[in-house]
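Here's a quick tour of a protein and the ligand that comes with it. Have the sequence and the 3D view open as you read.

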Amino acid sequence: MLVVMKNNASEEQINAVSDYIKKLGFSSQSVPGIQRTNICVLGNKSRVDSSVLEVLDGVQEVIHVSKPYKLVSREGKDSSRVTVGQCVFGSDFIPVIAGPCSIEDREKFLDIADILKEMGASVLRGGAFKPRTSPYAFQGLGEEGLKILAEARERTGLPVCTEVMNTDDVDIVSEYADIMQIGARNMHNFSLLKKVGRKNRAILLKRGFAATISDFLMAAEYIVSEGNWDVILCERGIRTFEPDTRFTLDISVVPIIHEYSHLPIIIDPSHAIGRWNAVAPLSRAAIAVGADGLSIEVHQKPLEAFSDGAQSLKPAKFEAMMSEIRTIATAIGRSA
Ligand code: PEP
Ligand code: MN
């Protein structure tokens with residue numbers, strides 16, 4: 001249930017409503033809005049009688065939220081914007097996150113960071129802790145990689161995004177990253193979701209490859225329920241019977257998520273398709289379908305990449321893709 005407060009409700013009235021909800025035996029969580037603060041009632045197993053709350057001072061109305069994900073549901077909340085430095089996810093401008101799969105060494109990463117900034121990327125990406133299918137594959141540079149990432153941020157002024165794989169690493173990754181990525185394999189790692197939910201950092205939550213839309217939004221709910229509202233969802237392909245693509249990019253998720261949730265959703269075509277020559281076509285589709293951003297793997301020499309070379313674009317291809325998506329963004333009244 002969501003208690004919608006009046007525009008001019010005072011701090012005192014908001015606190016009084018929260019206290020009353022606690023007295024009823026439930027917990028409350030305030031939902032930040034541009035115009036007003038709403039209060040979500042959590043922990044109720046059945047429908048709560050709203051009449052007692054409707055009469056409290058400062059309350060405008062009480063909405064029953066039908067979905068199990070109360071805080072990320074669109075019911076009662078306008079679209080969220082997630083701001084990271086100069087970059088905003090969920091506005092008309094469509095930010096592009098770009099960079100290699102892994103940070104391999106300092107020179108190469110700083111070089112690609114300069115190139116990507118020049119080509120219009122809004123956020124730099126690069127893995128320092130890598131979730132690899134094989135334990136014998138390159139696992140990332142760890143903290144050394146995070147330091148290189150931070151140096152690239154200093155140099156370019158662009159925010160940086162990197163994956164955090166387990167609860168032990170959340171503190172260290174949050175010291176360096178502007179956006180902490182939760183990978184597809186960890187979307188169901190509830191301890192990790194709760195821990196990043198207590199950090200003051202934007203979270204890029206990737207959809208697990210066997211997760212339904214409801215599973216995906218419940219994972220986001222874990223993060224928000226700990227107090228962190230800065231969640232960006234990312235569709236990165238799901239497992240189907242099709243062997244000719246690495247995963248199947250589910251672009252249909254974008255309008256559905258926009259209908260069900262106020263959170264912004266971006267698309268990562270690189271991990272979905274697994275081959276570089278289809279990344280630009282899928283990026284064009286992603287913009288056309290209404291995605292709030294893209295995440296693209298780029299490498300100077302894909303054939304020599306330590307991970308995911310087959311799906312990485314060379315810088316010139318990335319630049320061409322940027323120009324194409326700008327055209328499509330303009331056609332739908334946005335920009336990129
Ligand atoms: C990545 O972004 O490099 C990555 C491993 O992504 P995913 O978790 O979607 O496989
Ligand atoms: Mn990768």
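This is a predicted model: local features need pLDDT of at least 70, side-chain atom pairs count only at pLDDT 80 or more; totals for chains, interfaces and linings use all residues.

## A pair of strands

Let's start with β2 and β3. Strand β2 covers residues 27-31 and strand β3 covers residues 38-42, and the two pair up antiparallel over 5 bridges. To get from β2 to β3, the chain goes through a hairpin of 6 residues.

## Who's around the ligand

Now over to ligand 1, which sits in the second largest pocket. Its surroundings are made up of 13 residues, and the closest are Arg 125, Gln 181, Ala 184, Arg 185 and Arg 236. What kinds of residues form the shell around ligand 1? Sorted by type, the shell has 7 charged residues, 3 polar ones and 3 nonpolar ones.

## Polar contacts and burial

Arg 185, already listed among the closest residues, puts a polar side-chain atom 2.9 Å from an oxygen atom of ligand 1. Lys 206 has a side-chain N or O atom 2.9 Å from an oxygen atom of the ligand. For His 271, the distance between a side-chain N or O atom and an oxygen atom of ligand 1 is 3.1 Å.

How much of ligand 1 does the protein bury? On its own, ligand 1 would expose 300 Å², and the protein buries 97% of that.

Conventions. Residues are numbered from 1 along each chain as its sequence is written. Chains are lettered from A and ligands numbered from 1 in the order in which they are written. Side-chain values use heavy atoms; hydrogens and water are left out. A residue is near a molecule or strand if one of its heavy atoms lies within 4 Å of it. A polar contact is a pair of N or O atoms within 3.5 Å; within protein, one must be able to donate a hydrogen and the other to accept it, and residues adjacent in sequence count only if both atoms are side-chain atoms. Accessible areas come from the Shrake-Rupley method with a 1.4 Å probe; for residues, only the protein chains shown count as cover. On a 1 Å grid over the protein atoms alone, a cavity is a set of points where a 1.4 Å probe fits but cannot get out, and a pocket is an open set with protein on both sides within 12 Å along at least five of seven lines; lining residues have an atom within 4 Å of a point. A molecule sits in a cavity or pocket if more than half of its atoms lie within 2 Å of its grid points. Ala, Val, Leu, Ile, Met, Phe, Trp, Tyr, Cys and Pro count as nonpolar, Asp, Glu, Lys and Arg as charged, and the others, Gly among them, as polar. Two strands pair if DSSP finds at least two bridges between them. Helices (H or I, at least four residues) and strands (E, at least two) are DSSP runs, numbered from the N terminus.
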